[in-house]
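Subject: Structure for you, with notes on helix packing

Hi,

Here is the structure I promised. Please look it over alongside the notes below.

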Amino acid sequence: MSPKYRKKLRNSAIRRTPIWSGSKQFTGMVQAVLGGIGAVSLLVAAIGIINTMMMSIYERTREIGVMKVLGCEMTNIRDLFLVESGFIGLLGGIIGTVLSLLISLLINFLAAQGGNEQLSVFYQNAEGGSISYIPPWLALFAIVFAIFIGAAAGYLPAKRAMRLSPLAAMRNE
């Protein structure tokens with residue numbers, strides 16, 4: 001928030017009213033609920049990536065056996081599955097970031113249309129004249145974090161692929 005708006009906000013009558021402290025408390029509750037939903041979503045996404053990678057191993061058991069018989073190093077097999085799960089995380093991070101930016105634009109559009117009187121107070125005091133603002137560094141961090149979570153979720157399936165016996169993999173159809 002710019003110093004000009006901070007000074008206005010500090011001197012405004014709204015800040016001294018009980019509605020301001022109530023709205024800060026409400027905003028904190030909303031952030032906590034959304035953070036909880038995000039944590040559960042992250043867990044579900046990680047489980048989904050693990051499941052996808054395990055199915056990929058079952059479907060490519062014979063290919064893994066051929067790679068081992070031909071002398072492929074274990075780290076190469078592990079890296080293959082980690083990169084694949086990282087790409088799944090990248091795709092999810094990009095889709096999530098784009099959806100977040102679209103929802104942010106929608107919130108700002110609806111707030112600019114007039115809406116509620118209490119909402120317009122926040123709109124006028126918000127940084128840059130908008131309620132929802134996603135800084136570029138946060139969007140980039142979300143994508144990098146999604147890649148990390150994807151790669152971390154792919155670690156256990158990658159370890160399983162490394163432990164496959166080449167003979168059993170070749171026999172398995």
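A word on terms first: contact here means heavy atoms within 4.5 Å. Note also that this is a predicted model.

Start with the pair α4 and α7. Helix α4 covers residues 74-112 and helix α7 covers residues 155-163. They pack at an angle of about 145°, and their axes are 8 Å apart. The crossing is right-handed.

Which residues meet there? From α4 come Met 74, Ile 77, Arg 78, Phe 81 and Leu 82. From α7 come Tyr 155, Ala 158, Ala 161 and Met 162. By class, this contact has 8 nonpolar residues, 1 charged residue and no polar ones.

Now Leu 80, which also lies in α4. Setting aside neighbours within four places in sequence, Leu 80 is in contact with Arg 60 and Met 67. Leu 80 and Ala 161 are 81 residues apart in sequence. In space, C-alpha to C-alpha, they are 10.0 Å apart.

Last, helix α3, residues 61-69. Its buried residues are Thr 61, Ile 64, Gly 65 and Lys 68. Viewed down the axis of α3, these fall within an arc of 100°, so they line one face of the helix. Just after α3, Gly 71 takes a positive phi of about 95°.

Best wishes

Definitions and conventions
Residues numbered from 1 in each chain as written. Predicted model: local features only at pLDDT ≥ 70, side-chain atom pairs only at ≥ 80, totals over all residues. Heavy atoms only, no water. Buried < 20%, exposed > 50% of the residue type's maximum accessible area, 1.4 Å probe, protein only. Helix = DSSP H or I, 4+ residues; strand = E, 2+ residues; numbered from the N terminus. Arc of directions from axis to C-beta. Axes fitted to C-alpha atoms, helices over the stretch in contact; angles between N-to-C directions. Left-handed = near helix turned anticlockwise from the far one by under 90°. Nonpolar A, V, L, I, M, F, W, Y, C, P; charged D, E, K, R; others polar.
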